[in-house]
Amino acid sequence: MFGKGLVKGMQITLKEFWSPKATIQYPEQQNPIPDRFHGRFTIDTDKCIACGMCANACPNKVISLQKQKVGTKQFLTNYVMKIQYCMFCGLCVESCPKDALHFSKVINMNQYFYENVALVLVQREAPAVTAESEVAASKASDKEGE
Ligand code: SF4
Ligand code: SF4
């Protein structure tokens, strides 16, 4: 019969029109993100001791950090990730002894310009060395010498 295919096609169209939608209007709507999702990195600078274990653990050499000695402690001054080489394996997060490095649920890390792809998590000056920190440093070095 002429038009049989057309009727069949319209039946499918109408059925799909009333059935629940499988897609969403991204980015206005977003699906819930699981708690253990490996998204954008965050670092807790209060916990980080600039030990560099995360950088050593990374198989792709994504992480580079700089530190400065302030008194007896290492102070993290710069922490950059070449995120375009990251495979989000989580070895860096697992290797952190202070639980300072984490994944967040932020999925969107795209950048318009290639030079902005690097993820700069920390960029700051080390605090000035105070008299107290100098005393603490000398005490620590005295202990080491004993
Ligand atoms: S998630 Fe894996 S590849 Fe990415 S920075 Fe950490 S250790 Fe390197
Ligand atoms: S392993 Fe943890 S504490 Fe050490 S430098 Fe990396 S983020 Fe900081």
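These notebook entries record what I looked up in a predicted model.

**Entry 1: the core.** I began with the largest nonpolar core, which has eight residues. I listed them as F41, C54, C58, V62, I63, M81, C92 and L101. I then took L101 and set aside its neighbours within four places in sequence. The contacts of L101 that remained were F41, I43, C54, C92, V93 and C96.

**Entry 2: ligand 1.** I next asked which residues come nearest to ligand 1. Of the 13 residues around this ligand, they are C58, V62, C86, C89 and C92. I noted that C58, V62 and C92 are also members of the largest nonpolar core. The shell around ligand 1 holds 11 nonpolar and two polar residues, and I found no charged one.

**Entry 3: ligand 2.** I repeated the search for ligand 2, which has 14 residues around it. Here C48, C51, M53, C54 and C96 come nearest. The shell around ligand 2 divides into 11 nonpolar residues, two polar and one charged.

**Entry 4: the strands.** I turned to strand β2, residues 63–70, and strand β3, residues 73–81. The two pair in the antiparallel sense over eight bridges. V70 stands opposite K73 in β3. Two residues lie between the strands of this hairpin, and G71 takes a positive phi near 65°.

I then followed β3 to strand β5, residues 119–123. These strands also run antiparallel, and four bridges join them. M81 stands opposite L119 in β5. I had already listed M81 in the largest nonpolar core.

Technical notes
Residues numbered from 1 in each chain as written. Chains lettered and ligands numbered in written order. Predicted model: local features only at pLDDT ≥ 70, side-chain atom pairs only at ≥ 80, totals over all residues. Core = buried A, V, L, I, M, F, W, Y, C linked by C-beta atoms within 7 Å. Buried ≥ 20, exposed ≤ 12 C-beta atoms within 10 Å, placed from the backbone. Contact = placed C-beta atoms within 7 Å. Near = placed C-beta within 6 Å. Nonpolar A, V, L, I, M, F, W, Y, C, P; charged D, E, K, R; others polar. Pairing = 2+ DSSP bridges.
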